[in-house]
Amino acid sequence: MNQEYFMRLAIEEAKQGDAPYGAVIIHDNQVVATAHNTVGRDCDPSAHAEINVIRRLTSQINNFSLEGYSIYTTGEPCPMCAAACVWSGLAEIVYGASIADLISINQAQINITCEEVIAKSFRNIRVTKGVLRQECLNLFT
């Protein structure tokens with residue numbers, strides 16, 4: 001399995017959400033959790049796909065640490081979600097559409113990259129950008 005395979009799973013997950021954002025967490029090349037955006041459904045502004053998948057997995061494993069895990073997201077994690085990735089200890093973030101891409105198609109975003117958040121944190125998280133970028137952007141059309 002490769003990055004495109006996992007991103008396609010995130011894309012499918014995004015199609016189930018209030019807004020077209022999906023996230024998948026991987027450990028040892030296996031999918032361990034999936035989630036999508038439920039901001040409207042839950043009346044919770046923090047219910048982004050990344051937050052939802054982190055909450056789901058940490059509850060499932062009864063541990064707040066996700067060291068050694070990777071997250072795949074259709075959109076670059078916003079500052080809130082990037083901070084959650086830092087606090088949870090995720091080792092890697094892989095995303096499709098960047099915050100700049102999303103702003104360019106009139107999606108409301110805070111214009112701070114996940115790399116900026118990580119750079120000011122105490123973690124070294126690998127970031128891979130642009131995996132199936134166009135397919136992720138197509139979710140908004």
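Modeller: Buried means under 20% relative accessible area, exposed means over 50%, and partly exposed lies in between (1.4 Å probe, protein chains only). This is a predicted model, in which local features need pLDDT of at least 70 and side-chain atom pairs pLDDT 80 or more, while totals for chains, interfaces and linings use all residues. Residues are numbered from 1 along each chain as its sequence is written, and side-chain values use heavy atoms, without hydrogens or water.

Colleague: Where is Gln107 found, and with what is Gln107 in contact?

Modeller: Gln107 is in the loop between α5 (99-104) and α6. Helices (H or I, at least four residues) and strands (E, at least two) are DSSP runs, numbered from the N terminus. Contact means heavy atoms within 4.5 Å. Leaving aside neighbours within four places in sequence, Gln107 is in contact with Tyr21, Leu102 and Phe140. Asn2 lies 105 residues from Gln107 along the chain, and their C-alpha atoms are separated by 28 Å.

Colleague: Is Ser88 buried or exposed?

Modeller: Ser88 is buried, at a relative accessible area of 5%. Ser88 sits in helix α4 and touches Ile54, Phe64, Ser65, Leu66 and Glu67, not counting residues up to four places away in sequence. Seven of the ten residues of α4 are buried, so α4 is largely enclosed by the rest of the structure. The buried residues of α4 pack against α3, β3, β4 and α6 (114-119). Just after α4, Gly89 has a positive phi of about 85°.

Colleague: At what angle do α3 and α4 pack?

Modeller: Axes are lines fitted to C-alpha atoms, for helices over the stretch in contact, and angles run from 0 to 180 degrees between N-to-C directions. Helix α3 (residues 49-61) packs on α4 at about 25°, with the axes 9 Å apart. The two helices are therefore roughly parallel (under 35 degrees; over 145 is roughly antiparallel, 65 to 115 roughly perpendicular, the rest oblique). From α3, the contact uses Glu50, Ile51 and Ile54; from α4, Met80, Cys81, Ala84, Cys85 and Ser88.

Colleague: Now the sheet. What is the order of the strands?

Modeller: Strands of a sheet pair through backbone hydrogen bonds, either parallel or antiparallel. Two strands count as paired if DSSP finds at least two bridges between them. Here five strands form an open sheet in the order β2-β1-β3-β4-β5, with mixed pairing. β2 (30-36) and β5 stand at the edges with a single partner strand each, so one side of each has no neighbour in the sheet. From one strand to the next, the twist averages 20°.

Colleague: Which strands are antiparallel and which are parallel?

Modeller: Strand β1 (residues 22-27) and β2 are antiparallel over six bridges, and Val24 has Thr34 as its bridge partner in β2. Strand β3 (residues 70-75) pairs with β4 in the parallel sense over five bridges, with Tyr72 opposite Val94 in β4.

Colleague: Why is β4 described as largely enclosed?

Modeller: Six of the six residues of β4 (residues 92-97) are buried, so the strand is largely enclosed by the rest of the structure. The chain reaches β4 from β3 through helix α4 (residues 79-88), in a right-handed β-α-β crossover. Right-handed here means that, with the strands pointing away from the viewer, the path from the first strand over the helix to the second runs clockwise.
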